[in-house]
Amino acid sequence: MRLALGAMLFFSLDGMAASAPLRFVVPDTWAMPMVQLEHGRPTQGILYDMMLSLATQVGAPAEFHVLPRGRVQAAMEHGDVDVRCYVTRSWLPEQSGDYSWSIPLFAQSDLLISRHFPAPPVNPASLPAQSIGTVLGYRYPLLQPLFDAGRLLRDDARNQQQVLDKLMAGRNQYAVSNQWSLDWFNQRLLPQRQMQAVAVLQEYNLGCYVRNDPQVPVQRILDTLAQMKTSGEIEDIIRLYIGDEPKPKP
């Protein structure tokens, strides 16, 4: 009996080891608390923890492909990766390919922020001509008409962390940040030095989409993500990094 059980365990472990990896795409513009990249590899963060847990529950090893943001969709279309997370359909108006979308998993906001304290609410359209800290390649629909008219200028940085660092250093009076990155950055600052939200530019419900392929356990992935959301696991992961999610202020 012991030999039989040992053989069953061996074949079970061998089968798990032989499972095809679940390949996640990680844009190199992500920064903490979404993902920490070290030597080109993710090591921690909200999305890293979530994707790792998803792969474990699906029963496949996680494989992370860090790519420039402009190559992410092409990698999905060419079958180089299987899952993309932290995205909404409105960001992909010309998406091509066969995909299945998860339920919404995260609520996120783009905020216009200031390093001044206190910082009164601002109407972006009323700002005098100046540069605004932005992430290279990111779209900001509310600000785009002002950029197009030359009333405001983009000051692009490679990722959100660099945008916040430049604002802190006084390179700009205002910048755009998502709520998570703002909360993460503010954790290390005294209250009177923390960045302040002065306008809500956009609110999103974000999720994941999966490439439809017979070799990818699409429905199991979507069901697992739904369970992670309804069970509170995703909120627990977020809380681990930034505490309870605050409501955006103007």
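Predicted model: local features only at pLDDT ≥ 70, side-chain atom pairs only at ≥ 80, totals over all residues.
Student: Why is the pair R23 and D82 called a salt bridge?

Tutor: The side chains of R23 and D82 come to 2.8 Å, N to O. The limit is 4 Å between a side-chain nitrogen of Lys or Arg and a carboxyl oxygen of Asp or Glu, so the pair counts as a salt bridge. By this rule the count comes to ten salt bridges.

Student: Where in the chain do R23 and D82 sit?

Tutor: R23 is in strand β1, while D82 is in the loop between α3 and β5, 59 residues apart, so the pair links distant parts of the chain. Both R23 and D82 are buried. They also belong to a network of salt bridges with R211 and D213.

Student: What makes D28 buried?

Tutor: Its relative accessible area is 17%. Buried means under 20%, so D28 qualifies.

Student: And why is R158 called partly exposed?

Tutor: R158 has 47% relative accessibility. D28 is in the loop between β1 and β2, and R158 in the loop between β9 and α5, 130 residues apart.

Student: How do you know that D236 and R239 form a salt bridge?

Tutor: Their closest N and O atoms are 2.8 Å apart. That is within the 4 Å limit, so the pair counts. Both residues lie in helix α8, three residues apart, about one turn of the helix.

Student: Are D236 and R239 buried, partly exposed or exposed?

Tutor: D236 has a relative accessible area of 44%, and R239 has 40%. Both values lie between 20% and 50%, so each residue is partly exposed.

Student: Which residues touch the most other members of the largest nonpolar core?

Tutor: Of its 38 residues, they are L47, M50, M51, F106, W180 and I221. Helix α2 gives the largest share of this core, eight residues.

Student: Which residues is I221 in contact with, leaving aside its neighbours within four places in sequence?

Tutor: They are L22, L54, V58, V83, V210 and V216. Each has heavy atoms within 4.5 Å of I221, so each counts as a contact.

Student: What lines the largest pocket?

Tutor: Its lining has 28 residues, with R69, R84, W91, L92 and G137 nearest the centre. By class, there are 14 nonpolar, nine polar and five charged residues. Strand β5 gives the most, with four residues. About 620 Å³ of space lies in this pocket.

Conventions: Residues numbered from 1 in each chain as written. Heavy atoms only, no water. Core = buried A, V, L, I, M, F, W, Y, C linked by side-chain atoms within 4.5 Å. Buried < 20%, exposed > 50% of the residue type's maximum accessible area, 1.4 Å probe, protein only. Helix = DSSP H or I, 4+ residues; strand = E, 2+ residues; numbered from the N terminus. 1 Å grid on protein atoms, 1.4 Å probe; cavity = no way out; pocket = protein on both sides within 12 Å on 5 of 7 lines; lining within 4 Å. Points joined across faces, edges and corners; volume = space filled by probe spheres on them. Nonpolar A, V, L, I, M, F, W, Y, C, P; charged D, E, K, R; others polar.
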